[in-house]
Amino acid sequence: MSLIVYKVIFKGNIENEIKDLTLTFKEISYNEPINVSPKYISMLKKLSQTSQNIINFQNIKEVIRIGENTPNFQINYYIVLLYITKLNGNKKGFLIGNVKKRGDILLGIWPFTQKSDILTSEEIDSIFNDLIAKPQNYRKICLIYS
């Protein structure tokens with residue numbers, strides 16, 4: 001199985017003269033794509049209005065898929081979720097893509113050291129439920145969309 005990565009290019013900051021920022025996600029292994037309920041994204045956006053450690057904004061310039069195989073679906077838009085735990089300072093993230101007639105699906109994880117072969121729908125649901133129910137357990141939760 002060849003390594004497939006998604007290079008997410010964010011719009012840079014004019015004040016710091018940085019043209020583009022990038023983050024690379026490793027594609028997860030799956031037999032059937034893992035759906036991400038749209039309620040999770042909308043709940044995080046809503047929570048960002050009242051919680052100081054949750055932010056959301058539009059800043060994805062482009063996503064480039066690098067690898068041999070091409071997906072059999074077209075992505076309408078992308079969402080990046082990044083978070084830092086308070087307990088041990090772990091930084092983790094997900095790349096989510098919206099596919100017509102399929103909804104939001106999990107495409108990749110960050111950083112590369114995260115194990116992707118054990119992710120299941122139940123584990124993803126558990127992570128999102130924890131982010132929403134206990135945002136105080138995280139230093140920062142960042143939702144970026146295209």
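**Close-up 1. Aromatic pairs in the predicted model.** In this predicted model, a search of the whole structure finds four aromatic pairs. One of them joins Tyr 40 and Phe 128, whose rings are stacked, with 5.0 Å from centre to centre and 15° between the planes. Because Tyr 40 belongs to helix α1 (residues 38–47) and Phe 128 to helix α2 (residues 121–133), this pair ties together parts that are 88 residues apart in sequence. Tyr 40 and Phe 128 are both buried.

Close-up 2. Phe 94 lies in strand β6 (residues 91–99) whereas Phe 128 lies in helix α2, so the pair links parts that are 34 residues apart in sequence. Phe 94 is buried, as is Phe 128. Ring pairs join Tyr 40, Tyr 83, Phe 94, Phe 128 and Tyr 138 into a cluster.

**Close-up 3. Lys 45 and the ring of Tyr 145.** The charged end of Lys 45 sits over the ring of Tyr 145, at 4.4 Å from the centre of that ring.

**Close-up 4. Surroundings of Lys 140.** Lys 140, a residue of strand β8 (residues 138–145), is partly exposed, with a relative accessible area of 35%. Beyond its neighbours within four places in sequence, Lys 140 is in contact with Gln 52, Asn 53, Leu 82, Tyr 83 and Ile 84.

**Close-up 5. Ile 109 in strand β7.** Ile 109, in strand β7 (residues 103–110), is buried, with a relative accessible area of 0%. Ile 109 and Ile 28 are 81 residues apart in sequence, while their C-alpha atoms are 6.7 Å apart in space.

Methods
Residues are numbered from 1 along each chain as its sequence is written. This is a predicted model: local features need pLDDT of at least 70, side-chain atom pairs count only at pLDDT 80 or more; totals for chains, interfaces and linings use all residues. Side-chain values use heavy atoms; hydrogens and water are left out. Helices (H or I, at least four residues) and strands (E, at least two) are DSSP runs, numbered from the N terminus. Buried means under 20% relative accessible area, exposed over 50%, partly exposed in between (1.4 Å probe, protein chains only). Contact means heavy atoms within 4.5 Å. Rings of Phe, Tyr and Trp (its six-membered ring) pair if their centres lie within 6.5 Å; planes under 30 degrees apart count as stacked, over 60 as edge-to-face and the rest as tilted. A charge sits over a ring if NZ of Lys or CZ of Arg is within 6 Å of the ring centre and within 35 degrees of the ring normal.
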